[in-house]
Amino acid sequence: MSTANIESILQEKRLFPPAAEFSQNAHIKSAEDYQRLYDKAKANPEAFWAELAEQELDWFQKWDTVLDWQPPFAKWFVNGKINISHNCLDRHLTTANKNKAAIIWEGEPGDSRTITYAQLHREVSQFANALKQLGVKKGDTVGIYMPMIPEAAVAMLACARIGAPHSVVFGGFSAEALRDRLNDAKAKVVITADGGFRKDSIVALKPQVDKALENNAAPSVENVLVVQRTKQDIEMQSGRDYWWHDLQKDVSADCPAEPMDAEDVLFVLYTSGSTGKPKGVVHTTGGYNLYSHMTTKWIFDLQDTDVYWCTADVGWITGHSYIVYGPLSNGATTVMYEGAPRKSNPGCFWDVVEKYGVTVFYTAPTAIRAFIKMGDEHPKARDLSSLRLLGTVGEPINPEAWMWYHQVIGGEKCPIVDTWWQTETGGVMITPLPGAIPTKPGSATRPFPGILADIVDLDGNPVKDNEGGYLVVRHPWPGMMRTVYGDPDRFRRTYWEHIAPKDGKYLYFAGDGARKDEDGYFWVMGRVDDVLNISGHRLGTMEVESALVSHPAVAEAAVVGKPDEVKGEEIVAFVTLEGGNQGSEELNKELKKHVVSEIGAIARPGEIRFTDALPKTRSGKIMRRLLRNLAAGQEVSGDTSTLEDISVLDKLRTEA
């Protein structure tokens, strides 16, 4: 059986066109409109982005050159002067948005705040002045280690306002992981909280900062600023530590936004590598502002009346682009939620949707599968009729979960934007535009206008339809990362030298495999190291996982390859079960048979391991790298600091 045949067996035939009413009111109204935009951008990318930059953003000074491309290093809007905090705040104060809700915040214990654009502008300006009083200057890096509270967004916008690059570290990271990131970024100040609320308990944050800084282990850090959130007792070091509320007292709210060069660093965000220290992904001001703005506007079809909710944490790129910068630049109302589904309230997400009349909802496939496992009764007990658009982010979504999302949450009326992108890309790269592109469950569909994506072999040659290959981008785009912080050679090696340059042209490749069907739709198979090679046939782990999850007994599955002398690799599946189902030899055989019936004998798992939970990052991605180590009987290697629950890994070790 050929690779193409194997990889097309699970291909979706179901097609969901946008509703006529949705398309009529959308920014991009038809497939023809999308194609015109895409063709225009492809013919002259620089003119395309320059026109949008002029139309959509405020500039203090226009650029001299749209793109300076010295492969693999790009500069966008050269010598242009701009400030993203100004674009997110100041420019809305002269419009009807002044008294509109900018941030709606729901805290886990039940407290809440609504902050208008005028109020947010005042808080950000005050805190920016407080940072200045502590000696933070343009170019100084500020570490942010906070729970999901409004002050996290205020801190980011205040840093951007004065030109101090921020480096947000997710509040669930350990003291060691925090210390490593603070040292690499040479942070001058750390902004944190006494703690945060998570799943009915308090997560201590300030003690973790103290531990990270003890014995002068992060010598660049001069001050720690602390938000009082949970009010538990913490130690405050005299001369180093300050309460946020004390610093804000009597501080002027007059803080003009600093004119920043378009290529000045906006933030450094760390993403884990499989080996070595985490990579500091550098994003700059002008191009990132434009790209996060445009992708938010078109992909989520933002309208003036929308209440938009992305369920990510600001500690991740999704939170940067699609909770803070993208929505606020567009003058939208963005929801921040401190909590997470938990035993005491498994339907808490749907409470938030109902309470605030959320219209646009953007979450991860992992969360969707968890909702399925919790049962339909929770969303069905709430009024979700306000929803008009759904989205997914983080990893490919299997068709079964897509259909549940469509039917149970969307009531079969909401388009679903299945988005592919990465920390490195700054914003979404492949996605349906919801008023224009018919969707297929499990496919991210088409590239965003201005993104020249392709699927190639290792020599850079395009592969045939429905053949697996490497997902690459052929031309720079404004939101792209500029370098790895402090290590331009690592940037070149990691992202630009895996695929052979074609005709002297570099191809951007960040590790994902995909295929493209006969309609030009992209099907992302996951990381290339998550693509299996079984007896010379390439199978995406997602395809085998989708087959397993389509069985009624299976809640979630993660598939990895184990070295095999005959086949090259053998499939090992880690499976969690629905409700009251129990793992048994009989079910083991049944699931193997089910995969064969869905894909073919080539995809039969050699081994199925039943488990209560899978090792996941705090952003919800399954860490298949660790499962590969376990399947091969190896010691777990590489960075495990992003694991949400280390005990899951320990339990899997004992079960192996």
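## Helix 20 and helix 21

Helix 20 (residues 624-631) packs with helix 21 (residues 646-655) at an angle of about 20 degrees, and their axes lie 10 Å apart. The two helices are therefore roughly parallel to each other (angles under 35 degrees count as such). Their crossing is right-handed, with the near helix turned clockwise from the far one by less than a right angle.

Helix 20 contributes Leu 626, Leu 627 and Leu 630 to the contact, and helix 21 contributes Leu 649, Leu 652 and Arg 653 (contact means heavy atoms within 4.5 Å). These residues divide into 5 nonpolar, no polar and 1 charged.

## Basis of the model

This is a predicted model, in which local features need pLDDT of at least 70 and side-chain atom pairs count only at pLDDT 80 or more, while totals for chains, interfaces and linings use all residues. Residues are numbered from 1 along each chain as its sequence is written, and side-chain values use heavy atoms, with hydrogens and water left out.

## The open sheet

An open sheet with mixed pairing is formed by 7 strands in the order 5-4-17-16-18-19-20 (strands are DSSP E runs of at least two residues, helices H or I runs of at least four; two strands pair if DSSP finds at least two bridges between them). Strand 5 (112-116) and strand 20 (416-418) stand at the edges with a single partner strand each, so one side of each has no neighbour in the sheet. From one strand to the next, the twist averages 15 degrees.

Strand 4 (residues 101-106) and strand 5 run antiparallel and are joined by 5 bridges. Glu 106 has Ser 112 in strand 5 as its bridge partner.

Technical notes. Axes fitted to C-alpha atoms, helices over the stretch in contact; angles between N-to-C directions. Parallel < 35°, antiparallel > 145°, perpendicular 65-115°, else oblique. Nonpolar A, V, L, I, M, F, W, Y, C, P; charged D, E, K, R; others polar.
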